[in-house]
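I am opening a notebook on a structure that is new to me, and I will write down what I look up in the order in which I look it up.

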Amino acid sequence: NTNNLKFELYVVHAEVDGIGVPLAYLFIENNGNCGNGVRTGVIIDFLVQLKTRGLKPDFFITDKDFAQISAARFVWNGIKVQLCLWHIKKAIEARLANNKKPQQINYNGIAAQQQFSFIDPLFSPSLTKEKIVFCPKEMRPLIWKMMNNHLHKHPLIPTIDGQFLSSASIWKMAVEEIYNFCKQNSLPWLWVYLWNEWYNADRWFLWFRAGCGDKLSIFKTNIFVEAHWKVLKRDFLYKFFRPRLDLVIFVIMEQVVP
């Protein structure tokens, strides 16, 4: 809602000595036909401009937008993507409170067992007409407590008994804990969701801090960016209802950035 053409507005924000600094902005026209592939390509072209100017970040913090994630990993090979803790919690709490039954089961128990032998490939839900309880209300805080604990573990941080675990060990222990909880409480729908969206080989390193074993980001949220949008909208654009694109650019370049 920053402009009258409904262009999406992106910013690359950097942290310098505890201060958020905007480096570059991008407007993308999204008319409803702009799929993730198109958006990813545009964002890649955008980030390449920063790379050629010498930007080499170690961490890329974002919400769960796979167009941004794919673009960052393509431009900076080996970069550690770190999903925003606030967005992770919001997404998980919303899904745990939703008892709507999925239309299909997109889960391969045999493939999961090939990664971890303790996973029973037969522990999976079945499509019936009966109502489901995705996750009982009293168990939702326990799920988030476990996931929050998994997120914060890191090879550079010792365990309570002084051991330093590898990234792979941290991942395995986390999967085993969350899997056993789901199985002991007969929650196959919950397990399938957690595995597919958060714990499988393609997803865990996006939100575990252990996904980067030799470095530790000082950030867990993208609050600098959120604060930046708040300043832009509430301090400068509050006078206008969806202003023209050129006016938005003028406000950003001549007022917000200075």
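**Entry 1: a β-α-β unit**

I began with strand 3, helix 2 (residues 66-75) and strand 4, which together make a right-handed β-α-β unit; I note at once that the model is a predicted one. I then looked up how the two strands run, and found that strand 3 and strand 4 (residues 80-83) pair in the parallel sense over four bridges, with Thr 62 standing opposite Leu 83 of strand 4.

For helix 2 I listed the buried residues, which are Ala 67, Gln 68, Ile 69, Ala 71, Ala 72 and Val 75. The N-terminal end of helix 2 is capped by Asp 65, a side-chain oxygen of which lies 3.0 Å from the backbone nitrogen of Ala 67.

**Entry 2: the whole chain**

Stepping back, I counted ten helices and four strands in the chain, and reading along the sequence I wrote down the pattern β-β-α-β-α-β-α-α-α-α-α-α-α-α. The C-alpha atoms fill a box of roughly 60 × 50 × 30 Å along the principal axes, and of the 258 residues 40% are buried.

**Entry 3: salt bridges**

How many salt bridges does the chain have? The count comes to eight, and I looked at some of them one by one.

Asp 58 forms a salt bridge with Lys 215, and the closest N and O atoms are 3.0 Å apart. This pair links distant parts of the chain, since Asp 58 is in the loop between helix 1 (36-52) and strand 3, while Lys 215 is in the loop between helix 8 and helix 9, 157 residues apart. Both ends are partly exposed, Asp 58 with a relative accessible area of 42% and Lys 215 with 35%.

The side chains of Lys 64 and Glu 197 also meet in a salt bridge, at 3.2 Å from N to O. Lys 64 lies in the loop between strand 3 and helix 2 and Glu 197 lies in helix 7, so this pair ties together parts that are 133 residues apart in sequence. I found Lys 64 partly exposed at 30%, and Glu 197 partly exposed at 30%.

A further salt bridge joins Asp 246 and Arg 244 at 2.6 Å, N to O; here Asp 246 is partly exposed at 41%, whereas Arg 244 is exposed at 54%.

**Entry 4: loops and surface**

Arg 242, with a positive phi near 50°, is in the loop between helix 9 (223-236) and helix 10 (245-256), and is partly exposed at 30%.

Last, I noted a nonpolar patch on the surface, formed by Leu 156, Ile 157 and Leu 216, with about 230 Å² of accessible area together. Leu 216 is in the loop between helix 8 (204-207) and helix 9.

Note on methods:
Residues numbered from 1 in each chain as written. Predicted model: local features only at pLDDT ≥ 70, side-chain atom pairs only at ≥ 80, totals over all residues. Heavy atoms only, no water. Buried < 20%, exposed > 50% of the residue type's maximum accessible area, 1.4 Å probe, protein only. Patch = residues over 30% accessible without salt bridge, like charges linked within 9 Å, V, L, I, M, F, W, Y side chains within 5 Å. Areas by Shrake-Rupley, 256 points an atom, 1.4 Å probe, with all protein chains shown as cover. Salt bridge = Lys/Arg side-chain N within 4 Å of Asp/Glu carboxyl O. Pairing = 2+ DSSP bridges. Right-handed = clockwise from strand over helix to strand, strands pointing away. Polar contact = N/O pair within 3.5 Å; in protein donor to acceptor, adjacent residues only side chain to side chain.
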